[in-house]
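Subject: Structure handover

Hello,

Please find the structure below, followed by notes on what was found in it.

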Amino acid sequence: MAIQIKDLEQLKVMRRAGLVVAEIHQLIREAIKPGMTTSALDAISAAHIKRSGATPNFLNYHGFPATICVSINDEIVHGIPGPRIINEGDVVSIDCGAIIDGWHGDAAFSIGIGNVDPADQKLMDVCQESMWVGIAAGRNGGKLSDIGYAIEQYVNSQGKYGILQEYGGHGIGTEMHQEPHVLNFGKAGNGPEIIPGMALAIEPMITRGTHKTKVLADDWTVVSTDQSRGAHFEHSYVICPDGKPFVLTSIDGGKGELARFGIETSDTLS
């Protein structure tokens with residue numbers, strides 16, 4: 001397994017790409033409302049990427065036809081933006097990425113539109129917190145599987161949710177998807193050691209029902225087989241040369257969230 005290790009200068013460029021992604025998330029959170037089309041969200045993202053001097057990493061990736069993925073309700077990941085209308089009560093998942101000088105940023109979030117079913121809100125809250133639990137578990141000197149173990153244990157402690165098996169996190173750097181694959185389940189203490197310069201996208205995806213999925217006829221959109229609603233959160237983070245973590249796609253580098261776990265983030269990329 002060849003895992004790309006980055007030096008500080010390379011990580012600084014990844015941080016620039018990560019900030020573009022974080023800014024897109026902010027813009028979408030501010031703009032999204034009932035009656036919008038998913039293609040309108042794609043246009044917002046494409047315009048910001050262009051303004052930032054970046055390029056989209058999703059567009060034309062294995063033929064994907066848009067700048068971002070927009071998935072609604074039982075669509076969990078890889079939804080294609082288009083004329084579909086976003087409605088009150090929907091759970092919408094946004095996944096997007098950007099490239100600067102050949103280095104990638106990638107992050108995702110789910111958001112409820114208007115008055116949301118409390119069970120859907122809990123689904124999103126559990127998924128988001130499981131991501132932070134996973135990042136907190138991915139400490140310098142730990143093992144890769146510590147991340148998936150922590151995510152699974154947290155999700156299972158919160159209720160009956162399906163954790164997707166075929167999809168997970170990944171390494172990130174000069175490519176959007178690199179080794180290693182990061183499972184959202186499993187036993188702790190296995191796999192490669194987490195070391196400085198290793199950048200990982202932590203990406204839990206859960207549903208209110210089954211973990212089983214299928215791909216629709218568009219060859220992209222992944223849905224739950226029981227039509228249960230899903231949530232999807234992702235941040236790209238790195239262990240910096242000083243041994244401390246830094247969340248590349250978070251505005252504050254993950255400082256506020258990781259402080260809850262007693263973890264101090266690196267100031268080398270701030």
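This is a predicted model: local features need pLDDT of at least 70, side-chain atom pairs count only at pLDDT 80 or more; totals for chains, interfaces and linings use all residues.

**Surroundings of Gly 186**

Leaving aside neighbours within four places in sequence, Gly 186 is in contact (heavy atoms within 4.5 Å) with Gly 148, Tyr 149 and Glu 152. Gly 186 lies in the loop between strand E8 (178–182) and strand E9 (199–202). Helices (H or I, at least four residues) and strands (E, at least two) are DSSP runs, numbered from the N terminus. The relative accessible area of Gly 186 is 25%, so this residue is partly exposed; buried means under 20%, exposed over 50%, and partly exposed in between, with a 1.4 Å probe and protein chains only.

Residues are numbered from 1 along each chain as its sequence is written, and side-chain values use heavy atoms, with hydrogens and water left out.

Of the 10 residues of strand E4 (residues 91–100), 10 are buried, so the strand is largely enclosed by the rest of the structure. In a regular strand the side chains alternate between the two faces of the sheet. On one side of E4 the buried residues are Val 91, Ser 93, Asp 95, Gly 97 and Ile 99, and on the other Val 92, Ile 94, Cys 96, Ala 98 and Ile 100.

Pairing requires that DSSP finds at least two bridges between two strands. E4 has these antiparallel partners:

- Strand E1 (residues 55–56) pairs with E4 over two bridges, and Pro 56 stands opposite Ala 98.
- Strand E2 (residues 68–72) is joined to E4 by five bridges, with Val 70 opposite Ile 94.
- Strand E5 (residues 103–112) pairs with E4 over 10 bridges, and Asp 95 has Ala 108 in E5 as its bridge partner.

The hairpin of E4 and E5 has two residues between the strands, and Asp 101 there takes a positive phi near 50°.

**Helices H1 and H2**

Helix H1 (residues 8–31) packs against helix H2 (residues 38–51) at an angle of about 145°, their axes being 10 Å apart. Axes are lines fitted to C-alpha atoms, for helices over the stretch in contact, and angles run from 0 to 180 degrees between N-to-C directions. Among the residues that meet are Ile 24 and Leu 27 in H1 and Leu 41 and His 48 in H2.

Regards
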